[in-house]
Amino acid sequence: MCGIVGYVGNKDVIPILLEGLHSLEYRGYDSSGIAIHEGKNLSVIKSAGKISKLEELLLKSRNGNGKYCGIGHTRWATHGEPTDNNAHPHFDSDEKIAVVHNGIIRNYLEVKDSLIKKGIKFASDTDTEVIVQLVSSCFKETGSILSAIRQAVVMLEGSYALGIIFKDEPGKIYGVRKESPLVIGVGETENYLASDSPALSQFVDRIIRLGDGEIVELSKEKIELYNFDGKKINKQAQPVEKSKDIMDKKGYKHYLAKEISEQAEVVLHLLNDYLPSPKKSVKLDCLNFSKDFLDNIDRILILACGTAYHAGLVGKHVIENITAKPVEVQLASEFLNTKALLTKKSLVIGISQSGETADTIAAVKKALDTGATLLGITNRPDSALADLAKDHLIISHAGLEVSVCATKTFIAQMTVLYLFALYVAESLGKEDKKIFLLKQELRMVPQLIDQTITRGERYQEQVLKYADKPDFVFIGRGINYPIALEAALKLKELSYIHASGYAAGEMKHGPIAVLDPDVPVVSIVVPGDAYDRVFQNSIEAKARQAPMIAVAVDGDKKVESVFNTVLHIPPIIEILSPFLTVIPMQFLAYYIAEHLGCDIDQPRNLAKSVTVE
Ligand code: F6R
C-alpha cells in the first residue's frame, strides 16, 4: 500500500510534498516522511503516526525555503511495525540514496541475506530497505545511477512503485513502476511524481502514467522515460481529471456521519441517471452487451473485497431473482487461489470503490485471461479497474468518500447492482409486472433511506446501552445475510470490538456456543421469506441469555415482544430491505465507536485503498 509523492522545480518542496501526502493519506497513515536535497546534503525527516506528526517535526526543524527537490511517503505497514525507524524514506548505509516504496518485495529475505553476506548492515525491518541497499550496491559496481536501478529491479520480485533520490544528483528524482501505480505530473519548469493522479490534479493539468516495467528520470525541465532494458520510450501526456469533490465535513463531527447522511442523495442521483421513471427501461449506455451475449451467459462471477464483496452478495440475490441467471460471488483474494472455471460466455463483475484494490485487480486480470467478459463497477473513473473494464463500466457516482470505513459507496454499489439486474432482465425481454413493480418500489428507496437516517439519534440512544460489550453477533438470512456481514465489519473496523456476522441458520451449527449475557445478538428480522426462520433463530439465541437487538419494520409487535431493543426501519419489501437494514447497523457501529473514543475516520491499522495483495 502506501502513497508516494515527488517534486522537482522552483518552488519550496516541503509544502508541496505535505499537500501531496495529505491527498494520499487514504493509502495508509501508519507513518510518513520526506527526503529532500538541502544544499549538498540529502536529508530524511520521518515519523511514526499521522502526517500531522511529520508536520510538527518539520515546523520545528525546517523553514522550507531553498529546497526544491524531494520525495515523500505515507505508509501502511506491511513489513515491520509502524515505528519511526520503519517509516520511509529509507537510506542506504552510506546515506547517499533514499527510497520511498509502494508495494511488496516478495523475495526480500533472500536479497537481504545476500546483501548481509556482502557486509551491508540493515537499519529497519522493512522490505523497502532491501531496494535501496541493492541499488546502492549496484551503483558501486556500475557508477551509473540508471544502470544501478535497472540492475537492481531485475533482482526484485514483487510489486513496486519507487521514488528514488540521490545525494550526488541534486534536482533529480527517479521513479520506477512494476504493478503498483505511479503517475508523473507534467508542469512548466517543474515536474511531479505520485501514486495517483488526484494527488497531482491540484498542481498540474497534464499527467503521464508510468507503465509496468518503466523508469522515469525527472528534473525540472526534463522527463526521460526508459523501459527496464534501458531503451528510451516516448509517451504523450494526457489531461488530468480535475475533481469537483471538496473535503468538507459540512458541520458533521466526522466524515463518516456526513457520508452516512448522504446516502439517500447518492441513490437518488443514480436512479435519476439510469432509471428516471419506472415506466421506462433502465438506461445503461455505458454497457455494450449484445442480447446474444446476455442470452447465453453461462455464469456470472462477482469478484470484490470487504464491503464491496458484501454489496456483491446482495447483488447475487437480486440478479438471480429477477434474471434467473446463476451468480456466484467470490472474495477476490480467494479467487486468486482457485481454478478460474470461466469461459467466453462468462460474465465477471469486478466491484471496487477505489478501483485500485490489488486483490480485485489481480483477480479480474486472471478472469480476463480466460476470455471471460468484464463489467467493472467503481467509484473512480480514473482507476485501474476502470481501465480494465473500458467496454463495460458503471461508475457508482457516490462522490468522494473520505472516511476509511465505506458507507455511501456500499449503498451506491448495491444500487448499481439492482440497476444492472433490471437492465439484464429488460434486455432479455422480461418486462413483466414484477419488474415494473420493483422499479416502482426502487424509486421510493431514497425517500425511505432519508426517513431511516433521521432516526439516527434514536438509534444512538438505543445502542449505547451495549457499548461495553466485548463481542457482538449479527445474524440475517437471504438478502440480509450480507448485511449481517457488513454490520459486523463496520463494528469491528470502527470500534475494534470483536464482531461476527452469521447466516442465522448456521448459529446452531457452532456459533451459538459463544452466546452468553455479554454477547448481544443483532438480528435482521424484516418481513419476507426469511422472516419466520430468522425469528426462530433469534428465539434460540435468546434462550442462551444473549441480549437481543432487532432491526425490524415499524409496528412489528411480534418482534417488539421478544427483543430487548428494536431498531425500527420504515416498512419495505424484502428484496429492497438491505437499503434500509444497513443504516441502523452503520449508526450502531458509529455511535459505539464514538462513545469509546475511537478514531472514526481513520481507524487504526487500516487504509482506504488496499494496494497490496
Ligand atoms: C470497509 C471497507 C473495505 C473495502 C475493501 C475494498 O469499510 O472499506 O472493506 O470495502 O477494502 O475496497 P474497494 O471497494 O476500494 O476495492
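Here, two residues are in contact when they have heavy atoms within 4.5 Å of each other. Keep that in mind for the close-ups below, which come from a predicted model.

**Figure 1. How the chain splits into domains.** The chain is divided into domain 1 (3-239), domain 2 (248-443) and domain 3 (456-600). The next two views look at domain 2 and domain 3, whose centres, taken over C-alpha atoms, sit 26 Å apart.

**Figure 2. Where domain 2 meets domain 3.** On the domain 2 side, 27 residues are in contact with 22 residues of domain 3. Together the two domains bury about 2100 Å², and 75% of that is on carbon and sulfur atoms. Look for I260, H310 and C405: they supply 21% of the area that domain 2 buries against domain 3, more than any other three residues.

**Figure 3. A salt bridge, up close.** The rule finds one salt bridge across the interface of domain 2 and domain 3. Zoom in on E594 and K253, whose side chains meet in a salt bridge, with 2.7 Å from N to O.

**Figure 4. Helix α7 packed with helix α14.** Here α7 (residues 263-274) packs with α14 (residues 433-453) at an angle of about 170°, and the two axes are 8 Å apart. Angles over 145 degrees count as roughly antiparallel, so α7 is roughly antiparallel to α14. From α7, the contact uses Q263, A264, V267, L268, L271 and N272. Helix α14 answers with L442, R443, V445, P446, I449, D450 and I453. Sort this contact by class and you get nine nonpolar, two polar and two charged residues.

Conventions: Residues are numbered from 1 along each chain as its sequence is written. This is a predicted model: local features need pLDDT of at least 70, side-chain atom pairs count only at pLDDT 80 or more; totals for chains, interfaces and linings use all residues. Side-chain values use heavy atoms; hydrogens and water are left out. Axes are lines fitted to C-alpha atoms, for helices over the stretch in contact, and angles run from 0 to 180 degrees between N-to-C directions. Helices (H or I, at least four residues) and strands (E, at least two) are DSSP runs, numbered from the N terminus. Angles under 35 degrees count as roughly parallel, over 145 as roughly antiparallel, 65 to 115 as roughly perpendicular and the rest as oblique. Ala, Val, Leu, Ile, Met, Phe, Trp, Tyr, Cys and Pro count as nonpolar, Asp, Glu, Lys and Arg as charged, and the others, Gly among them, as polar. Domain bounds come from an automatic or database domain assignment. Buried area is the accessible area (1.4 Å probe) that two parts lose on being put together, summed over both. A salt bridge is a side-chain nitrogen of Lys or Arg within 4 Å of a carboxyl oxygen of Asp or Glu.
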